[in-house]
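Colleague: I'd like to learn how to read a model like this one. Could you walk me through a few features?

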Amino acid sequence: MNAEGLVEVVLPGKVEPEGLEIRHGAVPVAGPGQVVIRMEATGVSFAEQQMRRGRYYDQPPFPFVPGYDLVGTVLTTGHGVDPGLAGTRVAALVKVGGWASHVRVEAADVVPVPDGIGAAEAETVVVNGITAWQMLHRKARVRTGQTVLVHGANGGVGSVLVQLARAAGVKVIGTASARHHDALRERGVTPVDYRTENVAARVRELAPGGVDAVFDHVGGRSAVDSWNLLAPGGTLVAYGSASTRDDTGSKQGPVLKLLGRVWLWNTLPNGRRAYFFNVWAGRALSKNRFRARLRADLTQVFTALQRGDVTAQIAAQLPLTQVAEALRLAESGTVAGKVVLNP
């Protein structure tokens, strides 16, 4: 085979970023139906920030290799896989395992990256892009001329979401701290400062009849306010509980509370809907349908990136071995876009 070895990052337990371990080993071998990808870019998502604290609701037991998604080149193919895949650039959503120089995945789970898109650019829109696209088009089913509220409009998911929404002809109100407002205005977003303004009151001024959809990653009190801002027939898509990131206690608690609220709201007779979005939903029931949808949607996002409807926001690029610094940077809340790791 080749002389290169495997380099991976291991999360040994609940540790500070400096507690992550770098491990060396043999490059994995592709089994039947599998490919081995030589990683070119992976990234730091909110999920890893939660996993480090033991707070991600379905993380595997420690120790494990984190890394929610990756982009790279197919190095080897296993039995039953088209050998022509070798040498092509692909993206994969893996939940864990991406923070490694070489990653083995099911061939059915890889999505081709179109020519002309760099690995780091593509990486910024894998989990963030698929999440944004599915929430916008599969859950909220937005239409041209509608108005939506996006919390954390400069964040990883939020920044992709506002751009996809604008490309679909949707008016966007976005919450962010003041330093991000100029960048949001350039994207055609009406910014609201969640630190200094009363968000609910300001949104009511901007959209007196309510908004057609709210995308909320904060959870807790924010989700209740979001629900109350919906127009009749509107949709709340909750996709996290960032407000409880540093809480201790049950990691399922905040999610279960939110799910309870969502269930209750959906029983109310005013035509409004609430969803708790999970990108993995439906995978257990039908792997093939899940994969087909993921491929179709991620391909749409890559096309939007090619067209310039979405601009990749790379906050910083650091080598895999500097993962502690990368995680600190991502958690600092001072950067716009995605912190990308390269081999």
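Modeller: Let's begin with burial: buried means under 20% relative accessible area, exposed over 50%, and partly exposed in between, with a 1.4 Å probe and protein chains only. Helices (H or I, at least four residues) and strands (E, at least two) are DSSP runs, numbered from the N terminus. Keep in mind that this is a predicted model, where local features need pLDDT of at least 70 and side-chain atom pairs count only at pLDDT 80 or more, while totals for chains, interfaces and linings use all residues. Residues are numbered from 1 along each chain as its sequence is written, and side-chain values use heavy atoms, with hydrogens and water left out.

Colleague: Which strands pair with β12?

Modeller: Two strands pair if DSSP finds at least two bridges between them. β11 (residues 211-216) runs parallel to β12, with 5 bridges, and Leu230 of β12 is the bridge partner of Val211. β13 (residues 273-276) also pairs with β12 in the parallel sense, over 4 bridges; there, Leu236 sits opposite Ala274 of β13.

Colleague: What kind of unit do β11, α7 and β12 make?

Modeller: First, the handedness rule: with the strands pointing away from the viewer, a crossover is right-handed if the path from the first strand over the helix to the second runs clockwise. Here β11, helix α7 (residues 221-228) and β12 form a right-handed β-α-β unit.

Colleague: Now a helix, please. Which residues of α8 are buried?

Modeller: Those are Pro254, Val255, Leu258, Val262 and Trp265. They lie on the same side of α8, because they cover an arc of only 95 degrees around the axis; the arc is that of the directions from the helix axis to the C-beta atoms. On the other side of α8 you'll find Leu256, Lys257 and Trp263, which are exposed.

Colleague: And what covers the buried residues of α8?

Modeller: The cover includes α7, β12 and β13, where contact means heavy atoms within 4.5 Å.

Colleague: Let's turn to rings. How do I describe an aromatic pair?

Modeller: You give the distance of the centres and the angle of the planes. Rings of Phe, Tyr and Trp (its six-membered ring) pair if their centres lie within 6.5 Å; planes under 30 degrees apart are stacked, over 60 edge-to-face, and the rest tilted. That rule gives 6 aromatic pairs here. Take Tyr56 and Tyr68: their ring centres are 6.4 Å apart and their planes stand at 80 degrees, so this pair is edge-to-face. Both residues lie in the loop between α1 (46-52) and β4 (69-77), and they are 12 residues apart.

Colleague: Are those two tyrosines buried or exposed?

Modeller: Tyr56 is buried at 10% relative accessible area, and Tyr68 is buried at 4%. Phe62 and Phe64 make a stacked pair, 5.7 Å centre to centre with 15 degrees between the planes. Phe62 is partly exposed at 29%, whereas Phe64 is buried at 8%.

Colleague: Which residues form an aromatic cluster?

Modeller: One cluster is made of Tyr56, Tyr57, Tyr68, Trp280 and Phe290.
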